[in-house]
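Trainee: Could we go through how the two chains meet, and what each term stands for?
Mentor: Gladly, here is the model.
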Number of protein chains: 2
Amino acid sequence: MRALTGQMRVIIQALKPEIDGGRFPIKRTVGENVIVEADIFSDGHEVISALLLYRKEEEPDWQEAAMRPLGNDRWRGSFDVGDLGRYLYTVLAWVDRFKSWRRDLSKRSEAGQQVSSELLVGAQLVAEAAARASEPGQEQLTQWARTLQSSDVTEAARVQVALSQELSELMDRYPDRRFAATYREELAAVVDIDKARFSTWYEMFPRSCTSQPGRHGTFKDCEARLPYIAAMGFDVLYFPPIHPVGHTRRKGRNNSPVAGPDDPGTPWAIGSAEGGHKSVHPQLGTLEDFRSFLAEAHAHGIGIALDIAFQCSPDHPYVQEHPEWFRWRPDNTVQYAENPPKKYEDIYPFEFETDNWRELWGELKSIVLFWIEQGVRIFRVDNPHTKPFRFWEWLIAEIKTSYPDVVFLSEAFTRPKVMYQLAKLGFTQSYTYFAWRNTKQELAHYFTALTQTEVREYFRPNLWPNTPDILTEYLQFGGRPAFIARLVLAATLGANYGIYGPAFELCEDRAREPGSEEYLDSEKYEIRNWDIARPDSLKDLVARVNRIRHDNPALHGDCSLRFHEVDNEQLICYSKRTDDLSNVILTVVNLDPHHTQSGWIEFPLEELGIDPQRPYQMHDLVSDARYLWQGSRNYIELNPQIVPAHIFRMRRRVRTEQDFDYYM
Amino acid sequence: MRALTGQMRVIIQALKPEIDGGRFPIKRTVGENVIVEADIFSDGHEVISALLLYRKEEEPDWQEAAMRPLGNDRWRGSFDVGDLGRYLYTVLAWVDRFKSWRRDLSKRSEAGQQVSSELLVGAQLVAEAAARASEPGQEQLTQWARTLQSSDVTEAARVQVALSQELSELMDRYPDRRFAATYREELAAVVDIDKARFSTWYEMFPRSCTSQPGRHGTFKDCEARLPYIAAMGFDVLYFPPIHPVGHTRRKGRNNSPVAGPDDPGTPWAIGSAEGGHKSVHPQLGTLEDFRSFLAEAHAHGIGIALDIAFQCSPDHPYVQEHPEWFRWRPDNTVQYAENPPKKYEDIYPFEFETDNWRELWGELKSIVLFWIEQGVRIFRVDNPHTKPFRFWEWLIAEIKTSYPDVVFLSEAFTRPKVMYQLAKLGFTQSYTYFAWRNTKQELAHYFTALTQTEVREYFRPNLWPNTPDILTEYLQFGGRPAFIARLVLAATLGANYGIYGPAFELCEDRAREPGSEEYLDSEKYEIRNWDIARPDSLKDLVARVNRIRHDNPALHGDCSLRFHEVDNEQLICYSKRTDDLSNVILTVVNLDPHHTQSGWIEFPLEELGIDPQRPYQMHDLVSDARYLWQGSRNYIELNPQIVPAHIFRMRRRVRTEQDFDYYM
């Protein structure tokens, strides 16, 4: 006979949210809510009581929240996560003899049955609760127990006491939990900083941020660029690797296999005689310069994201110091990176199957800690899907134990299950397929999957219309309207999004060759100078879109995303809202960069509590125009040569004064 | 750093079938197949090898079956369960360095690259495999390793060896599994006897099986009834409890609260001075008589199912011997069964919350073992949902460890999650809502959920059109056509089904009162005499339907059930098939017992490999009529006054001779 007591009669199952049987935590940000549901039932017909238990992992005592039945044996409760770090949650439930007795007494009494014997049963239950209670409840319960069995009191009066709200509430405080069952697992929720859920990224090559052709940019130049970036409304500035770049087999301009004497090489070929992952490229400045740049960025409200690229140039000090961290071939060369038949001879991957994996893991962790100690809290991780999952799970857990405010963005563009796995095991945010989702159907299908399924519990999308590796066909051939459309889509579909600039706001659309997504004269292989003051720059529009994001809490999360019908395949329409409906944003984008498109959209007024008989105002936050709509069906027309998108804030009529309507 | 080796790079997840994270086993019968799927992937781009591992629980060594990728990181393998008992299964996978090398070599070679250094890498991998291998593989591998690095052999010839099928097959036998990962759980499959999947039940009150009014039937009378039951094609005969019946508060005819002197009481009020759950009602005969009846039934190919009703009459010896197994009220009476305001004063439930639950559980187990020792292997369990789930899980596991051929049918008519839970924890078969699913939509929805979702892995439906407690409105008012329709539905929708007779085949349709599902003059409270020879009996039709079931393997399982379109709401159409399509049964039932109904049905020919341009034969096994159909759309007309159902066997044309077609 199993150790489990035979007296535990309640079953608790199918608890949600639970990722892979509890193997992975869900994610939240500070102040968010966790709604927990479970199937809870027992044998027989008695009444069940159930509690949601939750606590910060390091605190010993559970806090309790009531769970309520939803029907069909499903129960629900919720709790708020107030602090950074990890929370645990589980469910406790028991057969509640007092509540069962109370329900049955009520039925018996209604059926006109004699209940004197039943009242004695109740008296006993109340007396038992009194023994569990503390003062003043104890005295009150003892008194009620006496009343229930008193022959001096009429049966009707005793039934009234038995069914009283007061007795019920006091009994609820001292339940008999001897045979309570708990759910088989304690589940975890990782609570991140707000920025994990809502962030606006700008990627920039620091060596390209000077206006003097040929000069290698410095951290000082980057400092001068900060007001420009802050004015556009970005709160994360992400740099490709800032470390010394290798010389051996360095790539030249446009990925030429042979570098010219002035070619700077790709920053992802990390390490030279000047140092490795804990060093700064001398031409960018010193570590001191970096720290002072960091302080200046923070003063502008901008967090700096560094690139974690765990790979080495052949000149990296690790290659000499730790040959066992690399894969050696029978010809006594180190295995370089490749995707046969392609070769990346300027890059040595680490050999994670090394017997010295513990030392390797430890060193890689020390790199992250080194930059954290300089003040960095955001990391964009390069190709995490080419390093073992168990390594990342360990690394991120180790770091977040001491620094729960750190954000890791997973740069994995690979198969969906691999991308989801990286998110499950700990990455705070993840790149997505957004860049290649162009049609209405593709976008709606993909973002519904990301935001309306279990995926949203662990995978936080970060949407990029472009990156140094990705200049999509749509941007290459769609012109300025395409850039605007993709900007608005990224900024409103994703609470987290970013652009690679200044290429993006300057609408750089020249590819290296037809059919390629590589930029011509890519910054990956050379220093570029950008004329950020060009009059055709999108910087003001970017600033306006980011201001809209900032001002409208509906856009600070992804869970409320809903797509709406439009009778034109080139028009996409969707909304986000706050829970209390005080902020509702409806976005409409013309996906056709060449032609004006129009159509009728269907907007679900009932869900939003809008009277279909009365007009409401749609305020386009892009153009500042205001439209009066009525009913669920309304007309839209978008000319891509003007602006290919509306971002409407819905305003309800709050009052009418002398034929003048006010909207909030 | 966790103990898990950092060198294990493969992830195995989302394994199916898996019930509640592996908490419960799946179910199969001897000889069936288990198809296992899992997400399997690793970091990087290397090739993975994966094996499905399985074994009988008591055998130490795993057997292995290859798994194949299905795309999108999903893999599949399968194994057969040959024996009764419990099997375990899990998945093993690893990054296969040799397969990766072979794939890459092929790509490099196709791209015309120099591969001499690569061949050295391969030689090393083959030499390592040789070290793992036994003769004669070892010698062969050693030789190949030499060839791959031999400068005496041309590179082209060495590439040919490297990519040869022979090398690949031998390497597959000696893989490098040092860093192989296994799935987090070993999952279980319970393998039952065939009858668990395919059985035909007949319920009968043994005390009513005499034709002499007023005389209490005996096991001898039951013996005389066996040829009648066998002729109808039943292979399970289920008896309500056969134990002594209590006297205290015995119920009279039609559930009267006061019994007359001759009233026999309900057999579910178990126990009197004459004995309890291990005794036989003296008027039925002796234990010896029961054993001889059992032998005679087995000789007729009929298994006997006894009723496990764990409850007592007030006269049961347990009440005196083990007062601690019952709930005592403050007025020193035992708590009788009730569902307030209804009272069942002739029944005492056990108090499973007793501190002596271990002794109670042990005694209840001994009851089951007692009847197993008499030769019984099938138990229909009365109201299991009013006893703790953990009790049943323990009891069934204990019994099946020694007697894996035992079948437990759960008689729980309650909320769906409770019914599913009983099936998960071990019940072999389960009653269903079939009796109350009448419309086409209700039937299709319910049986699709039972047979086309995860539910089918653990819940085996047993369909009853009537029981002593259930005379549905449809049967009360539909006349003979209603009985036939429900018979055909039960017998073809469910591989397991049963009827309560002779009430069913004699079309007994009188209810105790309007709106009630209780039979008038129910056998639960009195002895009935049935004229089984009545000319209007459905016994011949029942025999024919059961013969059709017996002869057609498509009807021996439920997983192949598919519903098909008919353009008439009163006609329902569905099919079952064997995996090899050699047996395909299409059933059409007119649900309207009063009117002829006709319509066009859609039959998916493509799935069945039928040429839509050529005719095929539909052989109605009920009427023996044969129809030539062509294409997927065909006409059906059913007159309920003749027979309201077709059970077609589809026959393909096997050959044509001189304008005469043969069908198999």
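Trainee: What makes residues of chain B count as in contact with chain A?
Mentor: Contact means heavy atoms within 4.5 Å. By that rule, 69 residues of chain B are in contact with 70 residues of chain A. This is a predicted model, where local features need pLDDT of at least 70 and side-chain atom pairs count only at pLDDT 80 or more, while totals for chains, interfaces and linings use all residues. Residues are numbered from 1 along each chain as its sequence is written, chains are lettered from A in the order in which they are written, and side-chain values use heavy atoms, without hydrogens and water.

Trainee: Why are Arg97(B) and Glu351(A) called a salt bridge?
Mentor: A salt bridge needs a side-chain nitrogen of Lys or Arg within 4 Å of a carboxyl oxygen of Asp or Glu. Arg97(B) and Glu351(A) have N to O at 3.0 Å, so the pair qualifies under that rule. Across the interface of chain B and chain A, 14 salt bridges are found.

Trainee: How do you know how the two copies are related?
Mentor: Superpose them by least squares on the C-alpha atoms of residues with pLDDT of at least 70 in both. Chain B is laid on chain A with an RMSD of 0.0 Å by a turn of 180° and a shift of 0.0 Å along the axis. The two copies are therefore related as by a two-fold rotation axis. The same surface serves both copies, as 100% of the contact residues of chain B recur in chain A.

Trainee: Which residue of chain B comes closest to the rotation axis?
Mentor: Gly21(B), with its C-alpha at 2.8 Å.
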